[in-house]
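I opened the model to look at one helix and at some backbone angles in the loops. My entries follow.

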Amino acid sequence: MFSRSVFRGLAADLRLFTPISTSTAAAPLRQRACLHQTSLLRTQQQEISNQSSSSSNPELPLSAARRAQDSEPEVQHSPKVPSYDPSSPSSTPRTRADVPLAKQPVAPTFESPLEVSKSLLSRLPHLVGQSPHYIVAELHARPYLLTEGDHVRLPFLMPKVKSGDILRFNRATALGSRDLTMKGSPHLDERLFECRVRVVGVESEPLRIKEKTKRRQRHVRQVRSKHRHTILRVMEVRVKTPEQLLEEGAIVVEDSEDTSTIEARS
């Protein structure tokens, strides 16, 4: 019987004399290779093949910029600005003159010319010179105190309007500045001023759920409500000058109770 030390010596001698084949040694390496290693091997093989082809063809240049030398640079053209075409419905007008006449707002018609009192005409330049102006405009019998740049959140959703539309408030009870106030009887004539607002968008309230029940009944009914409101922005509050009123056909009359007056604020 041989001892264990003898067997260990024989095994070590056999390992030294056994030849290692390249195929068996490379097999586990190939199995353990990762994706990035395989890509590196492919790039190395391509470089070797390129070097061999360049050595076989000495006429070819050794620089790697041949593709850039042969290719032509791309010309970047500036984007063309589309011009407004009234016949196409998709084009957006830029100015008031670009809007077709059929789509422009209809000018209001009046049965009688504007009547301006002498006191109003004499104090009107002082009111025009003091800015900013405020106006108490009415919309559905609700007064709104507005100045230029204010945002108005209507308590309802205004129908048939879109974001970007410009509206005009033509019903006002008072219009003034820091020291002067022009009051109507009860409303001011819309030819004395201009108040324009722009539709900004629509806001919606959070969903509300209210439970309703009746006596001697086990059924509980849930009522859901989510109201929407139109948001406006005041773009312009302007008082017309006496020259503009006279050019539009205003008539100077004596002071009376029916005409608008300008009063100093106390």
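**Loop residues and a helix face**

I looked up Ala 141 and found that, at 70% relative accessibility, this residue counts as exposed (exposed is over 50% relative accessible area, buried under 20%, partly exposed in between, with a 1.4 Å probe and protein chains only). The model is a predicted one, in which local features need pLDDT of at least 70 and side-chain atom pairs count only at pLDDT 80 or more, while totals for chains, interfaces and linings use all residues. Residues are numbered from 1 along each chain as its sequence is written, and side-chain values use heavy atoms, with hydrogens and water left out.

Ala 141 lies in the loop between β2 and β3 (142-147), and its phi is positive, about 65 degrees, although the residue is not a glycine. Helices (H or I, at least four residues) and strands (E, at least two) are DSSP runs, numbered from the N terminus.

I then noted Arg 216, in the loop between β9 (208-213) and β10 (220-225), with a positive phi of about 55 degrees and a relative accessible area of 81%, so it is exposed.

For cis peptide bonds, I recorded the one joining Ser 131 and Pro 132, with omega about 5 degrees; Pro 132 is in the loop between α5 and β2 (134-139). The bond from Ser 185 to Pro 186 is also cis, with omega near -5 degrees.

Last, I checked α5 (residues 118-129), whose buried residues are Leu 120, Leu 121, Leu 124 and Leu 127. Seen down the axis of α5, they fall within an arc of 115 degrees, so they line one face of the helix (the arc is that of the directions from the helix axis to the C-beta atoms). The face turned away from that buried side carries the exposed His 126 and Gly 129.
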